[in-house]
Amino acid sequence: MIRPEAIKVVAWDFDGVLNRNIEDGVFAWSRNFETDLGLSLESFSGFLFQGRFQKAMVGEACLVELVGEWAGSNGAAGRESEILDYWFTRDAMHDPDVLLMVETLRQRGVSNVMATNNEIHRTAFIESTMGFADHMDRIFAAGRMRVAKPDPDYFRHIEQALGVAGEEVLLVDDMEENVKSARQLGWQAFHFTEGAHKALTAALNL
């Protein structure tokens with residue numbers, strides 16, 4: 001049960017919440033990857049998302065270097081910047097309905113922060129190119145923090161950085177394991193699934 005009167009900070013997940021780029025579990029960037037770039041999605045995804053990206057996510061590897069390594073071995077040497085730009089741009093689909101909630105909460109004096117598992121390069125794109133630095137009071141990202149959700153230390157880092165108690169923070173996240181982890185630390189949490197806008201608006205008394 002969400003207690004909106006106790007909320008001082010709303011911590012918004014990015015992909016699937018602030019950014020409406022996931023449909024039926026499929027990311028927007030991947031839908032036309034092969035047609036538009038002439039490269040194998042299966043090969044790219046298999047190389048990157050079987051552990052390598054997870055290391056980049058927490059700052060233990062460089063995403064640009066990883067994509068460059070794959071490109072060099074798959075007939076796309078020197079195209080890493082093109083591939084990353086395609087990925088980041090095609091996945092840039094901010095959700096206007098969620099951003100309206102953010103602005104309404106801000107007008108009520110509630111702080112809004114981003115709590116994302118993105119690595120440093122995409123985080124910079126989100127912050128600057130997509131303009132989320134203007135919408136968020138702070139951006140917390142796994143690549144900068146060197147820890148990722150659902151690790152409890154991720155949530156503790158945010159508590160300490162903001163000087164708030166867990167019950168004063170609401171996490172809005174589309175991953176159930178992140179919601180459960182936050183709740184175990186005393187946070188309020190809302191599991192945001194596709195089409196949950198009305199339910200969240202009601203829960204926040206907006």
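Predicted model: local features only at pLDDT ≥ 70, side-chain atom pairs only at ≥ 80, totals over all residues.
Q: Which residue forms a salt bridge with Arg20, and how far apart are the closest N and O atoms?

A: A salt bridge is a side-chain nitrogen of Lys or Arg within 4 Å of a carboxyl oxygen of Asp or Glu. Here Arg20 pairs with Asp95, and their closest N and O atoms are 2.7 Å apart. Arg20 lies in the loop between E1 and strand E2 (22-23) and Asp95 in the loop between helix H5 (80-90) and helix H6 (96-107), so the pair ties together parts that are 75 residues apart in sequence. Helices (H or I, at least four residues) and strands (E, at least two) are DSSP runs, numbered from the N terminus.

Q: Is Asp95 buried or exposed?

A: Buried means under 20% relative accessible area, exposed over 50%, and partly exposed in between (1.4 Å probe, protein chains only). Asp95 is buried, with a relative accessible area of 1%, whereas Arg20 is partly exposed at 41%.

Q: How many salt bridges are found in the whole structure?

A: A search of the whole structure gives 13 salt bridges. Among them, Lys180 and Glu176 meet through their side chains at 3.8 Å, N to O. Lys180 and Glu176 are four residues apart in helix H10, and therefore separated by about one helical turn.

Note on methods
Residues numbered from 1 in each chain as written. Heavy atoms only, no water.
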